[in-house]
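Take a look at the model below.

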Amino acid sequence: MQKDNKNTPVLDRVNLPADIKDLSRDDLKSLADDVRDTMIDAVSVTGGHLGAGLGVVELTVALHHIFDTPNDRLIWDVSHQCYPHKILTGRKDRMKTLRQGGGLSGFTKRSESEYDPFGAAHSSTSISAGLGMAVASDLQNNPKNVIAVIGDGAMTAGMAYEAMNNAGVLKQNLIVILNDNEMSIAPPVGALHRYLARLTSSRPYRDLREVAKKVTNRLPAPMERAAKRAEEYARGALTEGTIFEEMGFYYIGPIDGHDLDQLVPVLKNVRDTADMGPVLIHVRTQKGKGYAPAEAASCKMHGVSKFDVETGAQNKTKSDIPSYTSVFANQLIADAREDDRIVAVTGAMPSGTGLDKFGAAFPDRMFDVGIAEQHAVTFAAGMAAEGMKPFATIYSTFLQRGYDQVVHDVALQNIPVRFAIDRAGLVGADGATHAGAFDTAYLGCLPNMVLMAAGDEAELAAMTRTAAAYDDGPIAFRYPRGEGLGVQIPKTPKILEIGKGRFLFEGDDIALINYGGRLGECLKARETLVNLGLSVTVFDARFAKPLDAENLIRIAKNHKAMITIEEGSIGGFGSYVMDLYNREGLVSKGLNIQTMTLPDIYIDQDSPSKMYDVAGLNASHIVENAVRLTGVKAAHLKAI
């Protein structure tokens with residue numbers, strides 16, 4: 001594998017898509033090889049999404065060769081596969097800054113490049129956005145090609161079909177490329193498919209087909225049906241394309257997405273045929289294409305840490321401290337052995353949520369519903385309504401997509417769905433799109449909902465067990481990405497009393513009231529404050545709803561100052577505490593309190609520690625607020 005682009009002769013001549021318009025077919029193939037080598041080299045240094053990008057190298061080259069980007073709009077759904085696109089659009093020299101602080105985003109991002117017309121990271125948005133762009137362009141008399149590239153996994157989400165249904169009604173010119181790299185939607189691509197794909201995208205065939213439609217419409221009904229079925233079969237669309245045709249799309253394919261000799265003429269035909277309406281081009285690709293370790297392990301090499309290019313071995317640091325995700329999974333398995341009503345639901349994230357382990361232990365009780373969070377929530381509600389104990393295990397940022405279902409299908413009906421909310425708080429290299437910032441605020445406003453947050457891994461195990469035992473309505477518990485604090489986890493965690501927190505230390509001067517994953521930083525801050533001569537309480541609230549009103553009121557009455565700390569947006573735990581104090585008349589009595597939340601901004605990718613520095617939620621920030629609230633003498637500040 002070549003390093004630092006030293007042997008990428010065609011790519012060396014390419015800085016922008018305009019540079020590849022006149023390349024020969026052989027040069028395009030060499031360019032694809034160069035792009036693939038450059039991407040592997042970069043991701044081996046930075047980590048990131050590997051397999052998906054390798055699978056669309058030829059498709060990316062063909063798209064930028066045929067279409068006039070950025071004037072033509074090219075939208076990548078989810079955009080896990082956008083690295084080759086970045087290499088060809090003026091960013092090749094910055095690829096080794098991927099997912100780093102101040103570097104390139106791991107996703108498409110409007111503020112990063114004019115070649116990224118729509119930002120992504122969550123799935124199934126591309127067709128909706130593309131349709132909106134196409135309509136807007138026509139309304140402004142500025143027609144352009146709009147191309148949405150969406151994977152077969154993202155096609156499991158209802159939003160994609162809502163957009164296709166609308167596009168079929170509008171008859172708007174729109175090109176959707178279905179990047180099929182996993183599901184068995186179609187038979188293997190062969191010479192006949194290749195020929196028919198090129199034929200069906202051409203103007204002569206389209207004209208002939210329109211004539212055929214007029215003729216068959218005048219035939220007796222049985223003959224008309226037979227003629228239409230024959231025409232569908234001839235296009236290779238009897239099974240693959242019929243659903244798209246019925247939704248109003250002109251279907252082309254399937255074609256080999258790694259064969260530029262197929263891709264280029266098909267894309268050119270579609271580009272040059274006016275007023276086609278919505279078109280779907282079905283492209284078959286292979287994740288990890290061209291890099292043997294990724295081809296052999298497409299799931300493990302989908303998202304990678306730094307790795308050795310020669311072997312594919314990832315440089316993962318080993319730790320004796322378990323991750324929060326694994327603690328949850330292990331506890332859920334233990335609880336499920338005792339209670340056969342426990343089931344687990346996830347939306348296309350079995351390994352990310354730890355439910356792959358649960359599925360291995362209980363294959364009939366784990367349900368991966370695909371990228372369909374709305375369905376996941378209501379599916380879980382249906383099971384709970386029939387007496388099962390579903391754990392809807394969904395990242396905080398993805399649960400947002402099922403919020404209406406949480407409101408109407410779960411909370412309103414007081415159905416006991418358990419929500420295990422992974423990736424609560426800031427998440428590092430995935431940046432703002434994946435940050436779990438809002439769940440406490442958007443769930444806490446719902447009647448019937450119980451909210452918990454784990455301060456350490458032992459608390460997470462206890463909350464998992466508590467959720468399994470709770471049958472009075474919906475309950476949710478959040479926990480961060482990464483490792484725990486290294487505390488001992490009891491063999492049989494206790495079931496928590498609903499709405500009761502815990503005191504870790506008790507003092508008189510200032511109380512640090514924690515909710516969730518900043519507990520370790522609160523304990524660090526306490527050590528510094530004690531060295532400054534302050535008597536410090538550390539209270540782990542555990543619950544945002546219902547609040548531990550008794551202890552929170554006692555803290556307010558017995559301390560000179562208080563700080564609430566949470567890794568969530570304003571409108572969450574701190575707001576609930578302030579509302580409690582206001583209702584109790586404590587605010588009007590000059591309550592000395594500071595709420596610490598995530599700031600009202602989207603925080604860009606970086607290491608988690610640096611992101612929390614930007615957020616102002618590390619131990620040093622807690623100390624600074626405590627010093628200000630208590631009026632510690634300046635002479636003591638040298639100890640900070």
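The questions go from the whole chain to single residues.

Q: What kind of model is this, and which pLDDT do side-chain atom pairs need?
A: Residues are numbered from 1 along each chain as its sequence is written, and side-chain values use heavy atoms, with hydrogens and water left out. This is a predicted model, where totals for chains, interfaces and linings use all residues, local features need pLDDT of at least 70, and side-chain atom pairs count only at pLDDT 80 or more.

Q: How many helices and strands does the protein have?
A: Both are DSSP runs numbered from the N terminus: helices are H or I with at least four residues, strands are E with at least two. The count is 25 helices and 19 strands.

Q: What percentage of the residues is buried?
A: Buried means under 20% relative accessible area, exposed means over 50%, and partly exposed lies in between (1.4 Å probe, protein chains only). Of the 640 residues in the protein, the buried part is 57%.

Q: Among contacts between residues at least 6 apart in sequence, what share joins residues at least 24 apart?
A: Contact means heavy atoms within 4.5 Å. The share joining residues at least 24 apart is 76%.

Q: Which residues touch the most other members of the largest nonpolar core?
A: A nonpolar core is a set of buried Ala, Val, Leu, Ile, Met, Phe, Trp, Tyr and Cys residues joined through side-chain atoms within 4.5 Å. The largest one has 55 residues. Helix α1 (residues 25-46) gives the largest share, eight residues. The residues that touch the most other members are L31, L50, L63, I177 and I281.

Q: At roughly what angle do the axes of α3 and α11 cross?
A: Axes are lines fitted to C-alpha atoms, for helices over the stretch in contact, and angles run from 0 to 180 degrees between N-to-C directions. Helix α3 spans residues 57-66 and helix α11 spans residues 260-272. Their axes come within 9 Å, and the crossing angle is roughly 35 degrees.

Q: Which residues of α11 make the contact with α3?
A: From α3, the contact uses E58, L59, V61, A62, L63, H65 and I66. From α11, the residues are L260, L263, V264, L267, K268 and R271.

Q: Which elements do the buried residues of α25 pack against?
A: Helix α25 (residues 619-630) has 12 residues. Its buried residues are A619, H621, I622, V623, N625, A626, V627 and L629. They pack against β15 (510-515), α21 (519-531), β18 (561-566), β19 (593-596) and α24 (608-615).

Q: Is S79 buried or exposed?
A: S79 sits in the loop between β2 (73-76) and α4 (83-91). Its phi is near 75 degrees, a positive value in a residue other than glycine. Beyond four places in sequence, S79 contacts G106, F107, T108, A120 and A121. Its relative accessible area is 0%, so S79 is buried.

Q: Is K171 buried or exposed?
A: K171 lies in the loop between α6 (158-170) and β4 (174-180). It has a positive phi of about 55 degrees, although it is not a glycine. Its relative accessibility is 55%, so K171 counts as exposed.

Q: How far apart in space are L280 and F244, C-alpha to C-alpha?
A: L280 belongs to strand β6 (residues 278-284). It counts as buried because its relative accessibility is 0%. L280 and F244 are 36 residues apart in sequence, and their C-alpha atoms are apart in space by 7.5 Å.

Q: What is the omega of the peptide bond from K545 to P546?
A: P546 is in the loop between β17 (543-545) and α22 (549-558). The bond from K545 to P546 is cis, with omega near -5 degrees.

Note on methods. The expected span of a helix is 1.5 Å times one less than its number of residues.
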